[in-house]
Amino acid sequence: LAAGVVDDSGHLHSFLVEATRADEGPEPVLARLFELGRRAIGQEQIRAVGIACGGPLDAARGTVSPLHLPGWQDVPLRALAEQTYDMPAVLENDATAAAAGEHRFGAGAGTANMLYLTLSTGVGGGAVVDGRLFRGGAGNGGEFGHVTVDWHGRLCRGCGRRGCLEAYVSGTSIAERAREAGLETSSAEEVAAAARAEDPVAEAVWAKTTAALACGLTSIVNLFEPERVVLGGGVTRSGEQLLAPVRQRVRADAMGPAARAAEIVVSALGDRVGVVGAAAIAFEKEGARG
Ligand SMILES: [Zn+2]
């Protein structure tokens with residue numbers, strides 16, 4: 001859980017983080033979330049509450065049934081926030097909000113067409129198309145993690161199909177593939193470190209990671225012809241070890257004009273992208289209301 005006060009230049013006035021403890025169920029988690037929000041606000045004057053949450057959710061109705069929070073079913077998160085803080089609240093899918101945050105305040109600033117992918121426990125995505133945030137029908141569009149990179153491939157925990165990008169490049173999947181290959185490791189970070197130390201098994205796992213990411217990104221870049229692709233999430237802490245081979249491969253494999261246009265960069269907002277992104281959504285709604 002994270003909460004913070006963000007001004008309309010994207011600056012954070014406060015930022016608080018706390019473990020979710022999802023096993024406690026909705027009510028205690030919500031109580032702690034709203035208390036975290038109160039502490040983040042402190043004496044600040046705020047105008048609106050932005051909430052970013054993992055999907056699936058219904059952004060129009062303001063309800064969430066997040067896969068990563070067992071027991072949450074159609075929780076009316078937006079209405080609860082409006083009651084708690086007595087002000088307007090907006091709700092958005094976390095990766096969509098992150099895309100909005102990077103576009104308004106971060107690595108995607110100044111572009112008309114931009115994609116955001118988070119490589120974390122799972123793989124989420126968001127897009128800005130012709131200067132506007134793409135949401136899909138109920139706010140669950142842009143699921144770039146479930147683009148197929150091998151239709152006979154690994155089972156995807158997120159959606160149940162085979163060969164999704166997420167099944168290769170999420171932090172969870174990288175660590176899992178490394179263990180299957182015989183490495184004793186618990187995280188993608190350790191796999192990356194072992195590959196840098198030239199452990200041949202880790203190098204092979206890492207090469208497959210960058211190849212799978214480049215394969216998925218190539219398809220997505222061909223679809224959108226973005227000016228910029230922003231990558232965030234824990235896996236991107238490996239920096240150029242991840243980005244350099246992916247850039248090279250996407251440039252070689254994507255259709256000419258799209259490949260030349262797309263710049264692949266790392267997130268500017270880092271672990272604050274959720275909070276800043278949620279605020280970007282609130283500012284966007286405020287702007288639309290005039
Ligand atoms: Zn999937």
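Rings of Phe, Tyr and Trp (its six-membered ring) are taken to pair if their centres lie within 6.5 Å, with planes under 30 degrees apart counted as stacked, over 60 as edge-to-face and the rest as tilted. By this criterion the structure holds 3 aromatic pairs. The model is predicted, so local features need pLDDT of at least 70 and side-chain atom pairs pLDDT 80 or more, whereas totals for chains, interfaces and linings use all residues. Residues are numbered from 1 along each chain as its sequence is written, and side-chain values use heavy atoms, without hydrogens or water.

One of the pairs, F105 with F283, is edge-to-face, at 6.3 Å centre to centre and 80° between the planes. F105 belongs to helix α3 (residues 94-105) and F283 to helix α10 (residues 273-289), so the contact ties together parts 178 residues apart in sequence. F144 and F224 also form an edge-to-face pair, with 5.7 Å between centres and 75° between planes. Here the loop between β9 (132-134) and α4 (166-169), which carries F144, is tied to helix α7, which carries F224. F144 is buried at 5% relative accessibility, and F224 is partly exposed at 25% (buried, under 20% relative accessible area; exposed, over 50%; partly exposed, in between; 1.4 Å probe, protein chains only).

The zinc ion is coordinated by H146 (ND1), C156 (SG), C159 (SG) and C164 (SG) at 2.0 to 2.3 Å (donors are N, O and S atoms within 2.8 Å of the metal, or 3.2 Å for Na, K and Ca). The 4 donor atoms subtend angles of 103 to 118°, so the arrangement is tetrahedral (four donors, all angles between 85 and 135 degrees). C164 is buried at 0% relative accessibility, whereas C159 is partly exposed at 37%.

Technical notes: Four donors count as tetrahedral if all angles lie between 85 and 135 degrees; four count as square planar and six as octahedral if opposite donors are over 155 degrees apart and all others between 65 and 115; anything else is irregular. Helices (H or I, at least four residues) and strands (E, at least two) are DSSP runs, numbered from the N terminus.
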